[in-house]
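I opened this entry to keep track of what I looked up in the model, working from the whole chain down to single residues.

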Amino acid sequence: MIGNLNCFVVKGGKIKVQCPDCKKVRYYAVPPNLRRKIARCGCGRTVRCTLDYRKKRRESSVAKAEVTLDTRIFRAQISDVSLVGLGFTVKGLTKPFRVGQDVTIQFKAAGGKNSMRKICIMNVTPSRVGARYTDIWLA
Ligand SMILES: [Zn+2]
């Protein structure tokens, strides 16, 4: 019997599925960007899973990025990402950045896709620059 369509949030490349019949919990590895998966329990029950890659909370993720300020390009590392913005570090070079500047940041998003976002600098400390997206790109 095929079960109902259930929605699962992918965490660390895996989903956690509990069998509705025998209640056994299993973790299934899923490749990036897979939309659907059929999880088959040892008891024979099948669960159709819709995969959800939403990111609601700020996640600690270190990704390499390039920040373009006017015509200058800085190598940066993204330290944290949220739905509304991100934080990045530039080794010893946060000095050129000022609150209110509009810059462009390029980075590899989850799944390996290249992303380019327009951001506005919201705060600057010697170790981190915080910015908010200024392009409309809400998933
Ligand atoms: Zn089962």
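What percentage of the 139 residues in the protein chain do buried residues make up? I found that 15% are buried, where buried stands for 20 or more other C-beta atoms within 10 Å of a residue's own, exposed for 12 or fewer, and partly exposed for the range in between, with C-beta atoms placed from the backbone. I note that this is a predicted model, in which local features need pLDDT of at least 70 and side-chain atom pairs count only at pLDDT 80 or more, while totals for chains, interfaces and linings use all residues. My residue numbers start from 1 along each chain as its sequence is written.

**Fold.** I looked up the secondary structure next and found 0 helices and 11 strands in the protein chain, with helices (H or I, at least four residues) and strands (E, at least two) taken as DSSP runs numbered from the N terminus. For contacts I used C-beta atoms, placed from the backbone, that lie within 7 Å; among contacts with a separation of 6 or more, 40% are between residues 24 or more positions apart.

**Cores.** I then searched for nonpolar cores, meaning sets of buried Ala, Val, Leu, Ile, Met, Phe, Trp, Tyr and Cys residues joined through C-beta atoms within 7 Å. The largest has 14 residues, of which A65, V67, F88 and I105 touch the most other members. Two or more residues of this core come from each of β6 (59-69), β7 (72-81), β8 (85-89), β9 (102-108), β10 (114-124) and β11 (129-133), and β9 gives the most, with 3 residues. A second, separate core holds 6 residues, including V10, V17, V47 and C49.

**Hairpin.** I checked β7 and β8, which form a hairpin with 3 residues between them. The two strands run antiparallel and are joined by 4 bridges, pairing being assigned if DSSP finds at least two bridges between two strands. Within this pair, V81 stands opposite L86 in β8.

**K64.** Why does K64 count as exposed? I found K64 in strand β6, and K64 counts as exposed because it has 12 C-beta neighbours inside 10 Å. Not counting residues up to four places away in sequence, K64 touches Q77 and F107. I also looked up K64 and R75, which are 11 residues apart along the chain and have their C-alpha atoms separated by 7.5 Å.

Technical notes. Two residues are in contact if their C-beta atoms, placed from the backbone, lie within 7 Å.
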